[in-house]
Every structure is written in structure tokens, then in C-alpha cells.
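Reader: I would like to go through this structure with you, starting with how the chains meet. Could you take my questions one at a time?

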There are 2 protein chains.
Amino acid sequence: MSVFTTVTPAELAAWLKRYSLGDLVELKGIAAGITNTNYAVSTTQGKYVLTLFETLQASELPFYVNLMAHLAHHGIACAAPIANQRDEMIDSLCGRPTVLVGWLQGEPVDVPSPTQCHALGAMLAQMHRAGETYPGHMPNPRGPQWWTAAASELYPYLSSTDASMLRNEISQQGRARFAHLPSGVIHADLFRDNVLMHGDRIGGFIDFYYACNDILIYDLAITVNDWCALPDGQIDAQRAQALCAGYQSARALNAAEREAWPLMLRAAALRFWVSRLWDWHKPPAGELTYRKDPGVFQHILHAHQQRGDAAHWL
Amino acid sequence: MSVFTTVTPAELAAWLKRYSLGDLVELKGIAAGITNTNYAVSTTQGKYVLTLFETLQASELPFYVNLMAHLAHHGIACAAPIANQRDEMIDSLCGRPTVLVGWLQGEPVDVPSPTQCHALGAMLAQMHRAGETYPGHMPNPRGPQWWTAAASELYPYLSSTDASMLRNEISQQGRARFAHLPSGVIHADLFRDNVLMHGDRIGGFIDFYYACNDILIYDLAITVNDWCALPDGQIDAQRAQALCAGYQSARALNAAEREAWPLMLRAAALRFWVSRLWDWHKPPAGELTYRKDPGVFQHILHAHQQRGDAAHWL
């Protein structure tokens, strides 16, 4: 369910006059997204997506919204925010901060092909390159400090085997040094449901609200873990190779990145294992949360651990 | 002929690495445009138009290029310039300043329908509204001062009837006062070949290199004169009414604009009559110029004069 705030056609028609986008033709709730309200908006001029933010405040949005505008301006396929007649990309409606973006073609794929993975990898690398000139800065709120603190509250809920696995991984990640690796703006949540595929092309990246500054190959690792994982947590080598080859067609990896890669795949699995454990065991009181199985990422992490240190799929 | 500067695929493939747009797939000259070189560029990521400027200098481009980016950012259908990895929209190739823009769907129409005219008028008004926050400023280089000076060199080439018609119109326009009319950024050359139509929708406005600050309904008048003129210089009332109604669906005209309208239609015809006379009688030495019949706009002007002062089609 993703319409938490109801907007009537009459309200929207009046509100749209703040923009240079023509008159409202149709308004439709979009059944995707778990924290914001999204509407498909058609006007006499084109098609757009209107997001009403249910938790983020207007003051928290500029990093994300300016980033999307910056990336679109560099030709990266992503939702491009549209400015109103006061030249602002962030507006408000029904008491919620809003962003209106251009409609993107395509839809998420469940089981991507190697060809699609290649296109995805290439676009991700291009996004990393285009991000080099982005002036905004946002520390990763889901980094080692966060997962260490979160885990300390989760151990009581876990079996001793799981707790020990979690503790060991956090400890090993803590001993690793990644500060020498190329960093920049990353999407940090480029799961299949955040990429619209238009055939074998990238229709667009969406949902930039976890974007932050961090290590670039961490972003690649997050992406491989979701796009290439099999049900048992193993990685489909063909897809992973295609994704990594696509990435390297646009941005070469250096020796330090190749060396760090196996541990980075584990870090990326750890981050989502912890956040899913958190949502599972400690859901915010009084809120309907959308829990996902933490086991998925535990299995991915386990498979990475078993595989050892070879520079897989690069 | 519109490829004055030849770019090889190898040159372009190397040059494209400055952008975040993937690898070159195909490069094709575009047979349109009379002052610049245009190429259709396909990459692994998308499709673009590359313009190499043959006469404008890089220092002259920012007003136009920033304007296109501003309008696209507000949702106006127009070519959106893409920034390179140095965050610059203006680059260079083969010794020419360049701009790379996203590919727009559609193509120019020769005989537009009233429905298409309505969509055009609405988009033109939206463009005028979106232009309100554009900070750039450019005086119109083809205004009354220019046409008065140009005409004084043209009279010797004209029959006494034509010279007298031209002299009288310039004199009448000179006595009119337009300074109280709403002004802003105008396209100033929105002829049919500068609008890509995608069915009944506006695919995009192109060729902003006459854009400037001037009176808004002057832009509307230029547009009506080209989009709605019949071969004898009369205006097709159905198309003109649709175009003006479309415009007013997005921006209401005030009483002063309605009053000035008949004279503005004549001013818009005068401007192109003079520039075509100039190209006809005084082509720049040693250049292959693309002469168009000045008589077209003389007939349009004549028809406007005959019609008198009613607020036509508004």
C-alpha cells in the first residue's frame, strides 16, 4: 500500500498551476514504495510521478533532489525532478513535502538477464563518474558505526549460532581498512525494484533516498548481491560477471578495489542482514512495517564467507 | 546540407569519454539546420544530438544553453543540454564549440492541424511562464533598430511600391509604444521546422539561437504567422484560433496585449520580411546561403494590414 495521503483531482489540478506542465488529465495512486505516497500524474503536456514524503522533512530533501537533478543533467537514466515556477524542486501539498519527477519508461524485472545486468553495471559506473562533480555531501547513515550499534541490540533476539556469525562478521569488517578506496556518491539501495528496465535498456534508477557518500565498489557489491543472488544465497556467476564487466566498461577498477572486493561483498550483505533483522525484531511501535526476510542476506553473506578471497567475477 | 565539419566515429568515440553516456554505437549526419553541423549520436546508453557551432563562439553560447537547460528543468519540451564530467554543457570538438542534447521524439509538420496548433500554443505559454525565473538577459538583435537600419540599405533594391510599403510599416511600428506589454524570454523563431511534433503532442522545441528578451505576444505573433499562414498570406482562422486558445489556456492575455495584437502580427511579419530581403539582396560574400522567398512575409504583412485592427483569433 503506498497511498498514505489522499490527494483529490481537484486539489491536484489547482496545485499543478504552480508548474509549467499543462492541465491535469488523470491522477492514479501507485502501488509501490513503502514509506512515501506516489501518484502517476498525466497532464495535457506529459506524464509525471508525484511523491508526497511521509517521513522525510523538506529540509532533509535537498541532498537527494539536487543529486537526481545533477545526474539527469549528466545523462544518467534517473527520475529528473521538475522545478515549479518559483524555481523550486521541492514543493508541498496536503501538508507533505513533495517532489514531481518526469515519468520513466520501463518496470522492475524479477529475474534479470546477463544482458540487463551488463547495462545496469555500465549505468552504475556512469552514475559514479557523473557524481564526481556533485557538490553535496551525506555520510552513510547505515555504515559500520550503525550496524555495530544495531547489532548490539539484536544479539538477544538471535540464536547463538546466528549471533556468533553476526559478531564475527562485524569484527572482521571492523579490522578492514577501506579508506584508500575510491569513494563518491553512491545509490546504496540499487535493488531490482529501484531500477526500471525498458527491455535491455535502463529506463531509470529511482528511489535515491539512501544515497550518500561512500566507497564506490560498496555500491557495486550491494547491486550484485541483489541482482545476481540465487534462492540459496549463491551468486549466479553469469549475471555477476556481466554486471561487473558492464561496470568496468565505464570505470576501471584499481588493484586495491579488486583486493577489497570479496570483503566488500560481505559488507554489503551484512548491512542488509542487520537492517532486516532490525525491522523484524524491533519494528517501530504503532506503525505498519513492511518486513522482509533477513535470512536472504544471511545466506548471501554465508555463501560469500564460504567462497573465500578470490576476486570473484571481476 | 548541414554537415560542415566532419567528425569521424573514432574521434567521436574518444571524445564521448568526457561524458557519462556510454560507448558510441552510431554516428549520422543530420540534414537539417543551415548554420551548424548536427549529428545524431547513438551510444550504448541512449540517443543524442551533437551540434558543432560553425559561427557562434563558445562565449556567445551560455545564454542559449543555460536557457534550454532551465526550460527542460521546468518540464518544457525542449532539447536538454547534457553536462560532461567537468560539469560543462559547452565543450569543443574539431575546433568548434559543441553542445550535446538529449534526443527528442517527433518531427516537424508541414501542415499542422488545429489540435497540434492548440498544443503548440499551450507549450509556448508554458515556456513563457517557465522563463520568468531565468536569470539570463539578451536584447533582441532583430528589433526595430535593426530592421530600420537594414531597410535603409535595402530600399535601393526594391520597387517603389515595395519600398513604400516597407517604409510605411517601419514608420507605423516606430510610432507604436509596446513598453507596457508583458515581456520575458521568447524563442523568437518558433517556425514549424523548429518544433518536433510527436503526433498531437509537442516532442520538443529546438534551435534556441534567436532566443532573447522581448514582448511575449511578439513570440505568439511570430508563431501564428508561420504556423497558420495560407499560401496567399491569409491566416487560417481555425488554426490561429486554436493556437491562441492553447496559449491562453496557460497564460491569460491582458487588455493591453489584446489591443496591441493586430500591430504585433504586423511587426512579426515585418521582421522576417526584412531579414529575408537582406539574405536575398545582400548575401554574405563567399558563403553559400540558404535564401528563402521574402515575398511570403510581404504577403502575410499585406493581409494583416488589410484586415485592420480587430483582435483577430484571440
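Reader: How many residues of chain A are in contact with chain B?

Author: In this predicted model, 31 residues of chain A are in contact with 31 residues of chain B, contact being heavy atoms within 4.5 Å. Local features need pLDDT of at least 70 and side-chain atom pairs count only at pLDDT 80 or more, whereas totals for chains, interfaces and linings use all residues. Residues are numbered from 1 along each chain as its sequence is written, chains are lettered from A in the order in which they are written, and side-chain values use heavy atoms, with hydrogens and water left out.

Reader: What area is buried there?

Author: About 2200 Å² is buried between chain A and chain B, with carbon and sulfur atoms giving 42% of that area. Buried area is the accessible area (1.4 Å probe) that two parts lose on being put together, summed over both. In chain A, the residues that lose the most area to chain B are A:Gln45, A:His73 and A:His74, together 25% of what that side buries.

Reader: And how many salt bridges and polar contacts are there between the chains?

Author: The count of salt bridges between chain A and chain B is 0; the term requires a side-chain nitrogen of Lys or Arg within 4 Å of a carboxyl oxygen of Asp or Glu. For polar contact, the rule finds 14 residue pairs across the interface, both residues at pLDDT 80 or more. A polar contact is a pair of N or O atoms within 3.5 Å; within protein, one must be able to donate a hydrogen and the other to accept it, and residues adjacent in sequence count only if both atoms are side-chain atoms.

Reader: Which elements of chain A give two or more residues to that side?

Author: They are helix H2 (62-73) and helix H3 (114-130) of chain A. H3(A) gives the most, with 4 residues. Helices (H or I, at least four residues) and strands (E, at least two) are DSSP runs, numbered from the N terminus.

Reader: Changing topic, which residue forms a salt bridge with A:Arg18?

Author: That is A:Asp91, with the closest N and O atoms 2.4 Å apart.
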